[in-house]
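Please look over the structure shown below before reading the note. The points that follow may be checked against it one by one.

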Amino acid sequence: MVSYKELGLVNTREMFKKAVAGGYAIPAFNFNTMEQMQAIVQAAVETKSPVIMQVSKGARAYANGTILRYMAQGAVEYAKELGCPNPQIVLHLDHGDSFELCKECIDNGFSSVMFDGSALPYEENIAITKKVVEYAHKYDVTVEAELGVLAGVEDEVSSAVSHYTRPEEVEDFSKRSGCDSLAISIGTSHGAYKFTPEQCTRDPKTGKLVPPPLAFNILHEIEKRIPGFPIVLHGSSSVPQDEVDTINKYGGKLPDAVGIPEEQLREASKSAVCKINIDSDSRLAMTAAIRKYLAENPSHFDPRQYLKPARENMKKMYIHKIVDVLGSNDKL
Ligand SMILES: [Zn+2]
């Protein structure tokens, strides 16, 4: 048994309380590689922001869960080395799909876990979430649950259609499951293709897709029923069109990739939404920088040469999200 407290990590409890009261949201960035971890920590330290580093099923398959845990431990020490004496870093399991997996992560130093029972029947979702909560709380680990189904395809989850969260269920669910935060579905979506062209309108000037707006009415209804309860948004990358353009310019092929407009995430951050998950934007920033670098430097073959601009580009994106979208800067 490794307690996250020994590793210098924190759970989400205090962090979310402050974020809800302060009208901002904590960034939850997925990580798979050392360069992503470094960029996340550098961005969080420079902006004095708390940060959630999250690990998906795909990340564990790619990098190995043990290695990722040591990387999170390394992130805490790295933040201190960069001049942040009290970093607020959460190591979170993204989309845990069983009690056993959540337990394994809790036993191995995670400070927060998600149990995603959103595809299960309602009562079953409550029962397993509750079991995870009972185990997690023994070790002061916080638990995120999910109600409602997000559309989109990513390495951890996939669903063709979304079902918005039903506001009439949230009070009963949060009370009976005992979860610490709740991921809801109000129109965000996983991946870099969040909406089909048919769901969007097209900007006549740029020819780019304009996605349908998030269902803020559902969010506000949920807030009314469980005032101050921490709400989480998954699938909240914005799919920056300059990165998509760079990828396409240097040999990539991402037609009609579209995300959630940042103004809408900025608005959501001011509500009880206190955790916003961003994964695809980091992938796009990394790929755009690497494609550009290799196209411009065809004779280079040292990975450090192209991973360095990739890391810089991700860091720039993380800082932008923290300062200009979520507002979690200067909160340490
Ligand atoms: Zn997700």
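This is a predicted model: local features need pLDDT of at least 70, side-chain atom pairs count only at pLDDT 80 or more; totals for chains, interfaces and linings use all residues.

1. Residues are numbered from 1 along each chain as its sequence is written, and side-chain values use heavy atoms, with hydrogens and water left out.

2. Helix H7 spans residues 167-177; helices (H or I, at least four residues) and strands (E, at least two) are DSSP runs, numbered from the N terminus. Its buried residues (under 20% relative accessible area, 1.4 Å probe, protein chains only) are Pro-167, Glu-169, Val-170, Phe-173, Ser-174 and Ser-177. These residues lie on the same side of H7 because they cover an arc of only 120 degrees around the axis, taken from the directions from the helix axis to the C-beta atoms.

3. The buried residues of H7 pack against helix H6 (122-138), strand S5 (142-147), strand S8 (181-184) and helix H8 (216-225), where contact means heavy atoms within 4.5 Å. Just after H7, Gly-178 has a positive phi of about 75 degrees.

4. The count of disulfides is zero, a disulfide being a pair of cysteine sulfur atoms within 2.5 Å. For Cys-102, the nearest cysteine sulfur is that of Cys-105, 6.9 Å away. Cys-102 is buried, at a relative accessible area of 1%. For Cys-179, the nearest cysteine sulfur belongs to Cys-274, 11 Å away. Cys-179 is likewise buried, at 4% relative accessibility.

Notes
Buried means under 20% relative accessible area, exposed over 50%, partly exposed in between (1.4 Å probe, protein chains only).
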